[in-house]
Amino acid sequence: MPLDESRLTAADPFLPRSPGRPRTAATPRVAALGAATLVLASVFGTVAAVPASASVTCADGTTPEQNTTLLCETAGSATVTVPAGTSSVDVSVVGAGGGAGYPARGHIGGNAATVEGTLTLPAGTAYLQVVVGGGGSGDNHGTSTGGGASAVFAQDSEHGLLAKLAIAGGGGGGAYNGDGGDAGSAGTSDDAQTVSGPGQPGVGGTGGAGGTGNYAAGTAGHSDDPAAPTVSDGGTGGQVPGGATGGGGGEGYAGGGGGGGSRGGILSSNVAGGGGGSSLASSYLGDASIEVAQGTGGVQLPGLVASDGAEGQVSLTFHGPAVPAAPTGVTVTPGDRTATLSFTVPDSDGGQPITGYEVSVDGGDSWDGVATTAAQGSSTERTALLGGLLNGRTYEIAVRARNADGAGAATPASSTSLQPWFSDPVSVTDRAAEVPVPAKPTSYKGKVARTVATNRAHDGTVAMNAPTLKGRQLQSGQAVQLSDKIFKDSTSKLTTSGKKVIKSIAPSLTYVDAISCEGYTNYGSPSKQKGLTKLAKARAAAVCSTLASYAEQVDVDAKVGYGGDRPVIIGSTYAKRADNRRVVVVIDPKP
């Protein structure tokens, strides 16, 4: 029988390899995936249409980005992670062709199937298991095998099988006396000895019957096991004396049966081709099509060489929000209630312009928009000043980009500690020598002493002296003390220099929302106490209102006058207790 050249046309230049020979060219595979057209290798070299999405090579453990195409072309199984937000997946699943049979008779291997469509993934799908079928082996003596099936399975977060989504059957193996059947079709048997029956195709989930034979029948293809994350094996061909064997059945949703083997005499044997495997387009696959992938079966090459079938292929295009990739090169420099964040813009904007950036200071539990500026002389480097942080705290800082479809992947959190600068102006030794505030200071007759009210607010909050702030940032749990020298004698009217002192506090309130002011005076006779308390409150009000005029973001929570009830010095003369006249500004917590 002459060589069948019908599969060696310029339009379909498939030249499979013979056993032990490298493949010289591969079938051009064309997969229409949404708007993307992917043209892989041809006999004249690689020809690539401009894709609508980027493509990456499939590998076990791959996590593709949205709107990229994953190409799986190596026989075997790989598990890939479904990217977050996936709404659908365009798939093209091509099985492997069956190997060619005895060259002198021109018997060829069966073509595989192609299954295409758009997947809506089952609820809970975390991974996709991709199976790529191996090409059936051709055999110069007529003992060839069926092609492997290619498939896509859905897995949950524990890698348990959720559903078999798509399976493309493999072609049956050719034999000495018959062709391998295409996926979904039976093999053939020469008319010279019809007692050797060809292998039958898998039908649905039921394996195809093995071909009949008066010497050795082919075995049936395996039926689908719904609980197993595997394709179904094809049957094996019946073997006759001398080693000739019927073609193997192709793998599939259900495997094809092996070809039968018969004898009509000492020198008369007949072995038939194997059946092709069946294919599956599950209910999760919309706009599904199942077709024969022409040119994938093994053929007879010049020099009486039986070639292998083409290997399978799976391509997956993930659709979902086209969000940006994560920024890179993150550094965080701590400051005074601030941190300076520097980073490189994402490698991918998701196909849409980046509209802004978000920062988390708690490891990703919450996110806020942040203004960024471009580094001088760079189009990719960005910086952002993070304000309102607290000195003495550790923050877990991460950044992510946004576009019209939403927020993209975040950077790993960077642990950053802000060092405290605020300290008690009174030494530990002097604090140890302080005495309690007397219940009635006017009745105290003891030695001169400093009390625990020294450089403290009424609730015990430590207060630093105003001139020592130098613009450093205050926060809740801290206070500032001003002496009475900012007022005109015995009044609540501020002096010019007093206003300057108050104004010097304002730069330290950049991240402060609210303050309270406490006024204190010296203590005198009980008859004067009421007037002293009134003066203390007026002085507190003067400081708070003036400070709020310089720091407009600050609200005034309270203005309280304590008079001489809480002195810092007791004993001695009235004149030597001047330090008792003071105003304390307390930084209130945010409401």
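This is a predicted model: local features need pLDDT of at least 70, side-chain atom pairs count only at pLDDT 80 or more; totals for chains, interfaces and linings use all residues.
Residues are numbered from 1 along each chain as its sequence is written. Local features need pLDDT of at least 70, side-chain atom pairs count only at pLDDT 80 or more, totals for chains, interfaces and linings use all residues, and side-chain values use heavy atoms, with hydrogens and water left out.

Helices (H or I, at least four residues) and strands (E, at least two) are DSSP runs, numbered from the N terminus. Two strands pair if DSSP finds at least two bridges between them. Strand β21 spans residues 339-344. An antiparallel pairing of 5 bridges joins β21 to β20, residues 328-334. Within it, V332 has L341 of β21 as its bridge partner. The hairpin of β20 and β21 has 4 residues between the strands, and R337 there takes a positive phi near 60°. Strand β21 also pairs with β25, residues 381-386. These two run antiparallel and are joined by 6 bridges. S342 stands opposite T383 in β25.

A further sheet is open and has 5 strands. Their order is β30-β31-β35-β32-β33, with mixed pairing. The edges are β30 (463-465) and β33 (555-561). Each has a single partner strand, so one side of each is left without a neighbour in the sheet. On average, neighbouring strands of this sheet are turned by 25° against each other, direction ignored. β32 and β33 pair in the parallel sense, over 6 bridges. There, G519 has G561 of β33 as its bridge partner. Helix α3 packs on the sheet and touches β31, β32, β33 and β35. Contact means heavy atoms within 4.5 Å. The direction of α3 makes about 160° with that of β33. Axes are lines fitted to C-alpha atoms, for helices over the stretch in contact, and angles run from 0 to 180 degrees between N-to-C directions.

Helix α3 also meets helix α2. Their axes come within 9 Å and cross at roughly 55°. α2 and α3 are therefore oblique to each other. Angles under 35 degrees count as roughly parallel, over 145 as roughly antiparallel, 65 to 115 as roughly perpendicular and the rest as oblique. On the α2 side, K499, I502, K503 and I505 take part in the contact. They meet V543, T546, L547 and Y550 in α3.

A nonpolar core is a set of buried Ala, Val, Leu, Ile, Met, Phe, Trp, Tyr and Cys residues joined through side-chain atoms within 4.5 Å. Buried means under 20% relative accessible area, exposed over 50%, partly exposed in between (1.4 Å probe, protein chains only). The largest nonpolar core has 29 residues. L509 and V543 have the most contacts inside it. At least two residues of this core come from each of β31 (479-483), α2 (496-505), β32 (514-520), α3 (529-550) and β35 (582-587). α3 gives the most, with 5 residues. Not counting residues up to four places away in sequence, L509 touches Q473, L474, L547, A551, Q553, V554 and I587. Another core, of 27 residues, lies apart from the largest one. L70, V91, V152 and A163 are among its residues.

V585 lies in strand β35. V585 counts as buried because its relative accessibility is 1%. V585 and E518 are 67 residues apart in sequence, yet 6.5 Å apart in space, C-alpha to C-alpha. Leaving aside neighbours within four places in sequence, the contacts of V585 include I515, S516, C517, V543 and L547. Q478, A479, V480 and L482 are also among them.
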